Amino acid sequence: MDNTDDEALNWAGDEARQRGGGTWSVPKRREGASLSPSSDKVAVPELVEGVKLTDQVVSTPSTGSGTAGSGAASSVALVVTGIFAGIYLLFTVAWLITALRDPIQIADPLGNAMFIAGLWLAVAAGPAVFAASLMAGRSRLWVRFVCLFAGALVLIPWPYFTWAG
């Protein structure tokens, strides 16, 4: 028996199909059949809070019909938003490490509980501020970036850096 690497790439009956002996046909579509799994049409209102829905295109008033530079601007906005998402993720992890470390024990039980609750709220603040900035900057891109930048400045995990020693 001849074992070569080329045999591993062949399937039984390939030779007959290459010579024209096999059939490579796709089943034909029935007359009037749809390509979608269900051919039922769903009634959609024409205007839903400023978004005009049509069969071909979904357009919003803020995006308009699209210009030549809008693709590059949206790509840059996506990259900058991704960079801020990474910064917020790092801040959240740093606050989580700080909350799990818990180096300070306050003698007062109420004060200690409030301090620990504040640390855990700081952990949750990163994702909350990021989501709120995306929601606030939905209409204007510069508002989104200002909110993301201001939130990143406010949420710097100073205890992570100062307690590291």
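Q: How many residues apart are Trp158 and Phe161 in helix α5, and what does that spacing amount to?
A: In this predicted model, Trp158 and Phe161 sit three residues apart in helix α5, which covers residues 158-162, so about one helical turn separates them.

Q: How is a pair of aromatic rings described?
A: You look at two things, the distance of the centres and the angle of the planes. There are three aromatic pairs in this structure. Take Trp158 and Phe161: their ring centres are 6.3 Å apart and the planes meet at 65 degrees, so this pair is edge-to-face.

Q: Are Trp158 and Phe161 exposed or partly exposed?
A: Exposed means over 50% relative accessible area. Trp158 has 53% relative accessibility, so Trp158 counts as exposed. Phe161 has a relative accessible area of 49%, so Phe161 is partly exposed.

Q: Which kind of aromatic pair do Tyr160 and Phe161 form?
A: Tyr160 and Phe161 are edge-to-face, with 75 degrees between the planes and 5.6 Å from centre to centre. As for cover, Tyr160 is partly exposed, at 28% relative accessibility.

Q: Which residues do the ring pairs link into a cluster?
A: Trp158, Tyr160 and Phe161 are the ones joined by ring pairs.

Q: What pattern does the chain follow along the sequence?
A: Going along the sequence, you'd read α-β-β-β-α-α-α-α. That's five helices and three strands.

Q: What share of the chain's residues count as buried?
A: The chain has 165 residues, and 17% of them count as buried. As for the surface, the chain exposes about 13,100 Å², with 65% of that supplied by carbon and sulfur atoms.

Key. Residues numbered from 1 in each chain as written. Predicted model: local features only at pLDDT ≥ 70, side-chain atom pairs only at ≥ 80, totals over all residues. Heavy atoms only, no water. Phe/Tyr/Trp six-rings, centres within 6.5 Å; stacked < 30°, edge-to-face > 60°. Helix = DSSP H or I, 4+ residues; strand = E, 2+ residues; numbered from the N terminus. Buried < 20%, exposed > 50% of the residue type's maximum accessible area, 1.4 Å probe, protein only. Areas by Shrake-Rupley, 256 points an atom, 1.4 Å probe, with all protein chains shown as cover.
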